[in-house]
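Thanks for making the time, everyone. I would like to walk through one model this morning, starting with the fold and then turning to the contact between chains.

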Amino acid sequence: MSTVISVAGLKKSYGANQAVNGVDLQISQGEIFALLGPNGAGKTTTVEILEGFRDRDSGEVKVLGFDPATKGSAAQAWRDRIGIVLQSTEDAGDLTVYESVSHFAKYYKNPKDPREVIDLVGLGEKVDALGRTLSGGQRRRLDVALGIIGSPEVIFLDEPTTGFDPEARRAFWSLIRNLRDEGATILLTTHYLDEAEALADRVAVINHGQIIEVSTPELLGGRATSLATVTWREDGLTKSEKSENPTALVSQLSSRFKGEVPELSVKRASLEDIYLEMIGGANE
Amino acid sequence: MSKPTALSIGIQRGGLEIRQFMRQRESVVFTMLFPLILLAIFGSVFSNQIAEGVTFSQYFVAGMIASGLVNTGFQQLAIMIPMERDFGTLKRLRGTPMPASSYFIGKSILVMLSMLVQVFLLLTAGVAFFGVNLPTSADKWLILLALLVIGSACSTILGIAFSNVPKTGRGASAVVSPVVIVLQFFSGVFFIFTDLPQWMQQVAAIFPLKWMTQGARSVFLPDSFAAQEVAGSWETGRTFAIIGAWLVVGIIWAIRSFKWERQ
């Protein structure tokens with residue numbers, strides 16, 4: 001797999017605030033990569049440098065072999081190959097969904113069919129609706145349609161499912177997986193840990209301008225080997241115990257209760273638990 | 001598919017801009033009808049002759065045409081662009097391969113069309129209701145055409161440049177409109193320019209609206225009236241030189257200051 005996005009020693013400060021302080025990343029072609037981090041962690045700054053919206057102070061950045069800080073007509077050719085879905089926008093309220101999408105198609109050398117893209121993001125029934133009449137989730141899907149109309153090889157998604165209902169989120173996830181299956185590389189920032197878990201091949205946790213860890217969602221923060229919590233009910237009380245060997249504990253409980261253990265559950269740490277622990281730990 | 005040119009995308013954007021403009025009914029009414037209302041008020045209140053064969057309406061139509069250049073270009077863009085900046089329109093466009101010039105071509109088309117409609121409405125209403133006389137010589141029409149083209153270009157570019165002054169889209173109208181209204185008072189749109197206090201005339205002479213107004217008077221007023229201008233003549237050469245100079249200032253200012261993102 002070839003490397004599509006590579007970042008080495010990236011730094012950026014705003015006055016005294018070191019927003020990004022030595023970030024390294026390698027993202028391969030066809031990967032869905034999630035960047036997680038609290039507000040102010042350097043997530044947006046990092047992504048905006050990759051998108052060519054911001055200049056960096058130092059470090060090496062390549063997206064599709066191209067330095068995003070380059071200006072001029074070479075940058076235009078590069079922009080033809082990337083798709084950006086920014087955080088919520090409210091523009092083009094006086095244009096219909098079709099007018100917006102078909103107009104954006106004209107900016108690209110190799111656009112997708114506007115009608116197909118509109119159907120793909122699930123706005124088929126809203127094709128002639130004005131932008132300002134769309135709900136929050138529908139607007140977001142229009143943003144996505146505008147971001148992918150140019151058949152991008154790299155897609156940047158910034159908090160893409162904010163305002164979606166659960167069904168729309170699932171539909172959106174399968175759309176993103178399809179784009180990946182067609183060969184696109186996707187860099188996603190999100191606040192939703194379940195989204196990162198459902199979608200991402202790998203996740204990176206960023207805090208205080210530095211990457212704390214890069215891993216698969218299953219292995220992040222030693223999640224697979226973390227202590228399991230066994231919970232059961234005994235003497236009218238809910239009891240729980242953390243254990244390295246939950247199986248042994250359960251079989252011990254089973255013999256103590258002579259069969260069924262009341263309200264038994266065994267839980268591993270969720271991605272969210274691990275994540276909160278990681279950024280909490282880093283804050284200390 | 002071959003790559004479209006900046007000009008062809010710009011023309012497409014112009015069509016889109018016009019469509020969006022037409023769908024905002026309030027702003028269509030405000031931009032297009034308000035000058036007509038002013039013409040009706042001033043034309044009715046001041047029905048006197050200000051010189052031999054020159055009605056106040058005739059004088060006022062010249063001023064309103066010059067104002068139309070400022071309203072459709074400077075005022076419209078300096079309010080609209082900060083709003084687009086707030087909405088994320090500009091940032092989104094910046095993230096696409098659309099050439100930056102296409103955006104400005106689209107805006108220029110919108111300004112040009114709204115300016116032409118505005119001038120047409122003013123002249124039609126002036127002739128129909130307020131006895132305004134249209135120029136009779138080809139020379140005067142040619143000067144009017146040049147004034148509309150160069151004046152509108154100047155107004156457009158200054159609107160793009162000034163769009164970086166209002167900090168928010170919401171506040172843009174409050175920043176831009178007073179600038180335009182004060183300039184209109186100072187530049188002899190609402191009053192006879194030579195009746196204004198000296199200092200006001202001198203301040204006005206720095207800015208292009210005074211010269212656009214004077215240029216429009218040279219088209220709509222009889223040449224005998226030129227003697228009553230500040231310099232005793234129409235100063236056509238100086239008029240175009242100063243508007244042209246502001247055009248150049250506007251280009252440099254716009255290139256240096258234009259921002260695609262809210263700061």
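What pattern does chain B follow when it is read along the sequence? Before I answer, please keep in mind that this is a predicted model, in which local features need pLDDT of at least 70 and side-chain atom pairs count only at pLDDT 80 or more, while totals for chains, interfaces and linings use all residues. Residues are numbered from 1 along each chain as its sequence is written, and chains are lettered from A and ligands numbered from 1 in the order in which they are written.

The pattern of chain B is α-α-β-β-α-α-α-α-α-α-α-α, which comes to 10 helices and 2 strands, where helices (H or I, at least four residues) and strands (E, at least two) are DSSP runs numbered from the N terminus. With a radius of gyration of 19 Å, close to the 18 Å that the globule rule gives for 263 residues, chain B is as compact as a globular protein of that length; the radius is taken over C-alpha atoms, and the rule is 2.2 Å times the number of residues to the power 0.38. The C-alpha trace of chain B spans about 65 × 35 × 35 Å along its principal axes.

Turning to the contact between chains, 20 residues come from chain B and 19 residues from chain A, two residues being in contact if their C-beta atoms, placed from the backbone, lie within 7 Å. On the side of chain B that touches chain A, helix H1 (6–23), helix H3 (56–87) and helix H4 (89–94) are the elements that give two or more residues, and H1(B) provides the largest share, 5 residues.
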